[in-house]
Amino acid sequence: MKIWDPQDLAKHFGTMTAILERISTLSVSGQQLRRLPKLLEEGFPKMPGTVKESDVPQLFREPYIQAGYRPTGQHWRYYFFSLFQKHNEVVNVWTHLLAALAVLLRFNVFAEAEELSLEVQSLPLFLFVLSSVTYLTCSLLAHLLQSKSEMFHYTFYFVDYVGVSVYQYGSALAHFYYSSDQAWYDKFWLFFLPAAAFCGWLSCAGCCYAKYRYRRPYPIMRKVCQVIPAGLAFVLDISPVAHRVVMCHLEGCEETAAWYHTFQILFFLVSAYFFSCPVPEKYFPGSCDIVGHAHQIFHAFLAICTLSQQEAIFLDYKNRQDIFRRRHGPLSVILSCGSFFGLVACSAVTAHLLQRRIRVELTIKES
């Protein structure tokens, strides 16, 4: 039997003590990690809790959504920090915030790989990415900040509608210059972009007017004013891609870009369904207040649609440069890209004019 020397025992005892202290430290660290969410929550300013639909004005209520509303009239800090609060708009905000970041990161990777620079051939591509980030940013700001007051509710949603029209025309530019096949181009090249610009503006005007004209509970005409102009813009903007996708699949499609365009169309159609129909909350009132209602699903599918579209356009830009050079001169590209900013101005002016009318009506109402 081994007899332990007192010095060895002391040495081993010291080692055991150090190990136990280390384990104790890890245990404390684990407890701190478990408390981390609460610590983060405590680190933010104290914020009011969410309220039921009966506690907010009629304007802010959504059909079949019974709770999770943020109170109106709070400090701006509250609405910005509500990005980290559980409420019925938070998924709408995060889906488009993450999508905007994904668009920018993916574009950065592509730009570095292709050594992209701002030149005539890449102008429509830059405008497409700009339009995608614009509509996603306008959307997330609208859902994040619209609860401040009735005036800001209208203002931020009008900004959202401007973002949608910008994205529609940015998509039309990219589809026209990079994605259209020759048979479609020969028939529609002359009037496609002017018609796309008009439909983009009409989409913004229709949505702004519907928001201005109709009050909750909304009549069916509100959806008509929103969906028909936006639908016309989509049908026109997607036509170069749809023609190419159909022809490709009829011939046994092997183009990767065409498959991405196919997914883009499918994801958009699914998103349009959830935009138009309050499903599933219609069948489960109060159960989808925070997560799972139709507008959130619409946001998610629209974000995936945009990312799929971006991949397709990147592939088309990379693989179809000879077609671009053969069809388009520098002047025509510059003029059509300049019209992009004309559309932005027209849509912004339209939204501003209706916003001023809203301001007058609210002022009269308050007085």
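Which residue does a disulfide join to Cys248?

Reply: Happy to take you through it. This is a predicted model, where local features need pLDDT of at least 70 and side-chain atom pairs count only at pLDDT 80 or more, while totals for chains, interfaces and linings use all residues. Residues are numbered from 1 along each chain as its sequence is written, and side-chain values use heavy atoms, with hydrogens and water left out.

The partner of Cys248 is Cys253, with a distance of 2.1 Å from S to S. To count as a disulfide, a pair of cysteine sulfur atoms must lie within 2.5 Å. Such a link is a covalent bond between the sulfur atoms of two cysteines. Searching the whole structure turns up 1 disulfide. The torsion about the S-S bond of Cys248 and Cys253 is about 80°, so this disulfide is right-handed.

Now for Cys208, which is in no disulfide: its nearest cysteine sulfur belongs to Cys204 and is 4.0 Å away.

How enclosed are these residues? Here, buried means under 20% relative accessible area, exposed means over 50%, and partly exposed is in between, using a 1.4 Å probe and protein chains only. Cys248 counts as buried because its relative accessibility is 10%, and Cys253 counts as buried at 12%. Back at Cys208, the relative accessibility is 0%, so Cys208 is buried too. One further cysteine, Cys337, has 4% relative accessibility and therefore counts as buried.
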